[in-house]
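Student: Please take a close look at the aromatic rings and describe the part of the fold around them. Give the cut-offs behind each term as you go.

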Amino acid sequence: MSRDDYTSLNEMYIALLEAEDSLKRELKRNLFRISEIDAYLQLLHDQEEEDFKVFSPRNVEEIHKESIAIQKEEKSKLEEENRSLYSKINKVTNFAKGLQRAMDADTSFNKLEILDIQEKERQRIARDLHDTSLQNLTHLVHKVELASIYMDRDVVQAKLELATLNKGIKEVIEDIRNTIFDLRPMSFDDLGLKEAFDRLFTVLKENNKTIDFETDIGTITCENESVRITIYRIVQEACSNAIEHSGGNKIKIQIAEEDKCCKIVVKDNGKGFTAEELSDKDNKNFGVAIMKERVKLLDGKISFDSVLGGGTEIKIEIPL
């Protein structure tokens, strides 16, 4: 369910509650009027004096016949109207409850989607740490052991190993720094979305020198922080997928704001993929699934145009 659909349903739910309240007020007025009529009729009987009964050949019913008839007819109409009101109130109440359950169920589904994204993001971070920092640290442990052995036998070789070890430690520190940056880009907080993208693509170009990056990044105006960071993550994931899986040597990225929407195009000249591969639930690559779920949570649209041997183009549109 999109945000607009949810908003429309919520407005309908509020309108139903207002209608229910209006019907109940009308019912209350009718019940009050019926109590007035009953009190009036009772008053006529209570005011009937004993000597009035003795000296008058007529009773109250006969004297106030026309007025009593009018009052009883009004009471009858009000009671009939109340039966209709009770029926309407029940229908409106049941419909409002059903609508509320539907909205609650959709909200729960969205929460599950968010949890799923978070879990997949944790898996991605764990995979990245395992493939880079953890393996490099393991390699450095072996370097330390080797330097210890050389320390007693060949001091020069030991110094060379320590120099290599020093360089490796700096590389691990840089890897961890990049991971921290990916978790929360500092430029995102300090400067804005465009600058965060510029920093992202600078890092991607430095780390992937065999790939030609062509970027066209416009200014995106969005006050919602959650939307901004999610847009950043979507672009980041699209680029990572193109780098890791396309096998191409050129990636073109366009990001622009148009008609109060953020429009994103990520295109590569890689090997492409089939529709079956895209929808394969057993595919261990979570990138596409994460992108789809994030775009869905922002009520956006995403499409994939891929040709085997002809590259892939991803088009994304996010309402701001």
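Tutor: Across the whole structure, a search finds two aromatic pairs. One is formed by F197 and F201, which are stacked with 6.1 Å from centre to centre and 15° between the planes. Rings of Phe, Tyr and Trp (its six-membered ring) pair if their centres lie within 6.5 Å; planes under 30 degrees apart count as stacked, over 60 as edge-to-face, and the rest as tilted. The model is predicted, so local features need pLDDT of at least 70 and side-chain atom pairs count only at pLDDT 80 or more, while totals for chains, interfaces and linings use all residues. Residues are numbered from 1 along each chain as its sequence is written, and side-chain values use heavy atoms, without hydrogens or water.

F197 and F201 are four residues apart in helix α7, so about one helical turn separates them. Helices (H or I, at least four residues) and strands (E, at least two) are DSSP runs, numbered from the N terminus. F201 has a relative accessibility of 2% and counts as buried; F197, at 0%, is buried too. Buried means under 20% relative accessible area, exposed over 50%, and partly exposed in between, with a 1.4 Å probe and protein chains only.

The rings of F197 and Y232 are also stacked, because their centres are 5.6 Å apart and their planes meet at 25°. Since F197 belongs to α7 and Y232 to helix α8 (residues 225-246), this pair ties together parts that are 35 residues apart in sequence. Y232 counts as buried at 0% relative accessibility.

Helix α7 (residues 193-207) has 15 residues and should span 21 Å at 1.5 Å a residue, which agrees with the 21 Å between its end C-alpha atoms; the expected span is 1.5 Å times one less than the number of residues. L193, A196, F197, L200, F201, V203 and L204 are the buried residues of α7. They cover an arc of only 160° around the axis, which puts them on the same side of α7; the arc is that of the directions from the helix axis to the C-beta atoms. An α-helix has 3.6 residues a turn, so residues three or four places apart point the same way.

β1 pairs with β2 (residues 250-258) in the parallel sense over six bridges, and D216 has Q254 in β2 as its bridge partner.

β4 and β5 are antiparallel over seven bridges.

Definitions and conventions. Pairing = 2+ DSSP bridges.
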